[in-house]
Amino acid sequence: MGLISWNACISPAFIFVAVFLILTNMPCEAQLSPTFYDYTCPTALSTIRKTVRTAVSRERRMAASLIRLHFHDCFVQGCDASILLDDSSSIQSEKNAPNNLNSVRGYEVIDNIKSKVESMCPGVVSCADIVAVAARDSSVAVSGPTWEVKLGRRDSTTSGLSQAATNLPGFTDSLNKLITLFGSKGLTARDMVALSGSHTIGQARCLTFRDRIYTNGTDIDAGFAAIRRRRCPVQNGNGDANLAPLELVTPNSFDNNYFKNLIQKKGLLQSDQVLFSGGSTDAIVNEYSKSPKTFRSDFASAMVKMGDIEPLTGSAGVIRKFCNVIN
């Protein structure tokens, strides 16, 4: 009996079934996409943009607050809107973490956006995506760069209060600590410096820079320190909540003056000034101080990378009806 070719024994139907079984048993990882809501909620992005623009026009500081909200969300459990959850019987809210309490703002803007979007497209647009898009639109609202926001994140059903205490940078962190922390999130030292440039807008409380303006004489411009002391008394507990702009020259516009200030030893926070203090990031600060175009481009790229930190996609997580509570 002659040999029969194995290929001749395989029918097309058999091949189809075999390929189907292989594919359906492979792990599937949903991908984020800028067009995620194009058909399911086509008015979502314009609604977010309009609401953010209105909020920023009422209070210029809100732009910085919404960018920071996205940052503090992504650094704890990934970009999953866990920071928005209030305390409950099952949730210890990240809002109460040391770096968030009485500091992170903008929750009511996100809630307002969610209410509008939910009325148009119930159960479709996640709070995590709203936070990400609002950060981009906030940058644009104060003449900052824009970027393409990838969408399709889902919302967590858990909070990361304990992680928030260790995963968020502090205002007295050293350069090495900052580089290590950002590196643990897949971000480079250059990304870290670019993202720190968001401090070109926004304000900080006296308690976060008091030690710097009273005890850090060798690494701070004397005139700058004197100006900041006017509204930040030396005694702890006295004027702790008094605000000062993070950037001295154009505190309401997104530009590269933040880096020029660092070179002049006029960084408000210690964690700002360490970026230019004889260390490995001095050259990056110098570059950004001379090239606003490079800074804007790198900031946009770093924001996209940050938005990719551990998102919940596919069947993971949920779409919350209200951003501050689990369904």
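## Residue classes and overall architecture

Ala, Val, Leu, Ile, Met, Phe, Trp, Tyr, Cys and Pro are counted here as nonpolar, Asp, Glu, Lys and Arg as charged, and the others, with Gly among them, as polar. These classes are applied below to a predicted model.

The protein contains 14 helices and two strands, and its C-alpha atoms fill a box of roughly 100 × 45 × 35 Å when the box is taken along the principal axes. Of the 327 residues in the protein, 48% are buried. Among the contacts with a separation of 6 or more, 75% are accounted for by residues 24 or more positions apart.

## The enclosed cavity

A search of the whole structure finds one cavity of 30 Å³ or more, and about 80 Å³ of space lies in the largest cavity. The lining is formed by His70, Ala132, Trp147, Glu148, Val149, Lys150, Arg153, Met303, Val304, Gly307 and Asp308. By class, this lining has five nonpolar, two polar and four charged residues, and its largest share, three residues, comes from H14.

## The largest pocket

The largest pocket has a volume of about 830 Å³. It is lined by 39 residues, of which Arg68, His72, His199, Leu246 and Leu269 are the closest to its centre. The lining divides into 21 nonpolar, 13 polar and five charged residues.

Several elements each supply at least two residues of this lining, namely H3, helix H7 (175-183), helix H8 (189-196), strand S1 (203-205), helix H9 (206-215), helix H12 (270-273) and helix H14 (292-307). The largest share, six residues, comes from H3.

## Packing of H3 against H4

Two packed helices are described by the angle between their axes and the distance between the axes. Helix H3 (residues 62-74) and helix H4 (residues 107-120) pack at an angle of about 80 degrees, with their axes 9 Å apart. Because angles of 65 to 115 degrees count as roughly perpendicular, H3 is described as roughly perpendicular to H4.

On the H3 side the contact is made by Met62, Leu66 and Leu69, and on the H4 side by Tyr107, Glu108, Val109 and Ile110. By class, this contact of H3 with H4 has six nonpolar residues, no polar residues and one charged residue.

## Helix H8 and its surroundings

Helix H8, which also contributes to the lining of the largest pocket, is mostly covered, with six of its eight residues buried. The buried residues of H8 are Asp191, Met192, Val193, Ala194, Leu195 and Ser196. They pack against H7, helix H11 (257-263), helix H13 (282-290) and H14.

Gln77, placed in the loop between H3 and H4, has a phi near 70 degrees, a positive value in a residue other than glycine. Because buried means under 20% relative accessible area, Gln77 counts as buried at 17% relative accessibility.

Lys265, found in the loop between H11 and H12, likewise has a positive phi, of about 60 degrees, although it is not a glycine. At 36% relative accessibility, Lys265 counts as partly exposed, since that class lies between the buried limit of 20% and the exposed limit of 50%.

Definitions and conventions. Residues numbered from 1 in each chain as written. Predicted model: local features only at pLDDT ≥ 70, side-chain atom pairs only at ≥ 80, totals over all residues. Heavy atoms only, no water. Axes fitted to C-alpha atoms, helices over the stretch in contact; angles between N-to-C directions. Helix = DSSP H or I, 4+ residues; strand = E, 2+ residues; numbered from the N terminus. Parallel < 35°, antiparallel > 145°, perpendicular 65-115°, else oblique. Contact = heavy atoms within 4.5 Å. 1 Å grid on protein atoms, 1.4 Å probe; cavity = no way out; pocket = protein on both sides within 12 Å on 5 of 7 lines; lining within 4 Å. Points joined across faces, edges and corners; volume = space filled by probe spheres on them. Buried < 20%, exposed > 50% of the residue type's maximum accessible area, 1.4 Å probe, protein only.
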